[in-house]
Structures are given as structure tokens and as C-alpha cells.
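Colleague: Hi, could we go through this structure together, one residue at a time?

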Amino acid sequence: AENLTPTGERKFTGLKYHRITGNVGPKEIYNRAWAMAAADAHAGHFMQSRVEQFRQLNEALSCPPIILSPFDAELFGHWWFEGPEFLELFIRKSVYDQSEYKLTTPSIYLVENPIHQVSRPSTSSWGNMGYFEVWLDESNSWIYPHLHAAARRMISQATVHQRTGDLTPTIERTLQQMARELLLAQSSDWAFLMNTGTAPHYATKRTKDHILRFTRLYDQLRGGAVNVEFLTECESRDNLFPSLNWRYFAQAN
């Protein structure tokens with residue numbers, strides 16, 4: 001049955017019910033074996049493509065090449081249900097089914113190959129047309145003056161308190177929560193949702209809420225009278241990055 005709650009609303013269970021068989025009409029039932037066979041084939045194809053890419057790079061470069069594959073991890077298992085299995089299969093195939101390359105990390109690669117030509121990547125993004133029109137257009141451009149002002153205020157307060165050493169436990173908590181609210185306000189998802197129209201009212205509210213909380217904490221800190229009850233409420237509501245170091249925002253000189 002599709003009605004999984006007493007109110008008749010559908011609920012995410014982590015189980016896959018239907019195949020992707022088009023935009024209209026009833027969906028066909030999900031076949032796990034077929035899906036895993038496809039994921040295995042895709043992983044093998046991706047591995048072989050990297051083998052061929054490394055062969056070409058080895059011929060063209062005088063130093064060991066490295067290929068970076070950054071993925072938007074939250075999409076695995078979300079938009080791509082078999083994405084986690086694809087990654088596992090690719091990793092296993094890379095280890096056992098080829099000898100052209102090895103898996104590594106940027107840090108390890110730099111230790112093993114410390115000398116490189118300095119380069120500057122071209123400005124680009126994964127958004128539509130490859131630039132920034134998704135995050136900066138008539139639907140969301142209004143957020144940036146507020147974000148820039150908040151960032152300047154965060155830098156100013158972090159620098160002042162770092163230099164003067166005026167740091168009580170409450171001030172430390174306030175600076176940390178200000179940094180937390182700023183990072184949340186700067187989340188690119190809000191501008192993205194405004195642009196796509198997926199959830200513009202929610203995205204607008206989240207942006208405004210975080211900026212307003214940041215500004216209220218900033219004003220209280222500047223005035224020397226932090227409302228501990230309000231601070232605690234903010235910490236309870238937005239408590240990601242429990243060990244966030246606000247000192248990263250302080251200027252060195």
C-alpha cells in the first residue's frame with residue numbers, strides 16, 4: 001500500500017518501489033538485480049574510461065598525473081538510488097581490475113609529488129551554462145549585500161576579540177554562534193532554491209532568519225550585553241559544527 005501513515009501521506013522508508021520508466025503513466029516495479037547489474041556496468045565503464053584517460057595523460061605529461069573526482073555526495077542514494085553501490089563497485093574494480101592507476105588523496109599525492117607548475121583554474125561552476133547565473137540573478141541578488149555586510153562584521157568582531165583577549169565564556173559562545181549563523185546564511189542552496197523556484201519562500205525565510213539572528217547577536221556583542229537566553233535558543237536551533245572555531249575569521253595583521 002502507498003498510504004504509509006494514518007493521515008494517508010507517503011513516507012520515505014529507504015525502500016525503492018518503482019523503476020524510472022518515464023515521466024508519465026504508471027511506473028514499473030523496481031528490479032533490484034537489474035539495477036545492480038546496471039550499476040556494475042556503469043562502474044566498469046567509469047573505471048575503463050579513467051584507465052584510458054591516464055594512458056593519454058602519461059604520454060603527455062612528464063610528472064605523474066592525478067585525476068580529481070569531486071562528487072556531490074548527498075545526491076548518492078537520493079537522486080541516484082544505486083549511487084553508493086556504484087562508488088563501492090568502482091573502488092573495488094579500481095583496486096582489483098586494473099593496474100594503470102591507484103586510488104589516492106590530494107594530500108598524499110602532494111607529499112609524493114611536491115613540485116608542480118602553478119596554475120589558475122578558469123572561473124566556472126556546476127550550474128547552468130557553467131557560470132554563476134543560478135546563484136546571482138533577479139531572484140536572489142538581494143541577499144549578497146546582507147551576506148557581505150555580515151561577513152565584514154564577523155571578521156571585525158573576531159579580529160577585535162582575538163587581539164584584545166576580551167573573551168569570557170559567553171563572548172566565546174556568541175562569536176561561535178555568529179560564525180554558525182553566517183555560514184548557514186551563506187549556504188548556496190538558498191539562492192539555488194530561489195532561482196529554481198523549488199522552495200523560494202522557505203529559502204528566503206532561512207536566509208533572513210540567519211542574517212537577523214547574526215545581526216542581533218552582533219549588536220548585543222557590540223553593546224556588551226549578550227542576551228544569554230536568546231543565545232541559548234540560537235544554539236539549540238542551529239547547532240551544527242559544535243567545535244566551530246570562530247578564530248578563523250580573525251585577520252592576522
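Colleague: Leaving aside its neighbours within four places in sequence, which residues is Gln 176 in contact with?

Modeller: First, a caveat: this is a predicted model, where local features need pLDDT of at least 70, side-chain atom pairs count only at pLDDT 80 or more, and totals for chains, interfaces and linings use all residues. Residues are numbered from 1 along each chain as its sequence is written, and side-chain values use heavy atoms, with hydrogens and water left out. Contact means heavy atoms within 4.5 Å. With sequence neighbours within four places set aside, the list for Gln 176 is Pro 242, Ser 243, Leu 244 and Trp 246.

Colleague: Is Gln 176 buried or exposed?

Modeller: Buried means under 20% relative accessible area, exposed over 50%, and partly exposed in between, using a 1.4 Å probe and protein chains only. Gln 176 has a relative accessible area of 18%, so this residue is buried.

Colleague: Which backbone oxygen does the side chain of Gln 176 reach at 2.8 Å?

Modeller: That side chain reaches the backbone oxygen of Pro 242 at 3.3 Å. At 2.8 Å, the backbone oxygen belongs to Leu 244.

Colleague: Now Arg 50: what is the nearest side chain of opposite charge, and how far away is it?

Modeller: Lys and Arg count as positive, Asp and Glu as negative, with His and the chain ends not counted. A salt bridge needs a side-chain nitrogen of Lys or Arg within 4 Å of a carboxyl oxygen of Asp or Glu. Arg 50 is buried yet has no salt bridge. The nearest side chain of opposite charge is Glu 52, at 7.8 Å.

How values were computed: A polar contact is a pair of N or O atoms within 3.5 Å; within protein, one must be able to donate a hydrogen and the other to accept it, and residues adjacent in sequence count only if both atoms are side-chain atoms.
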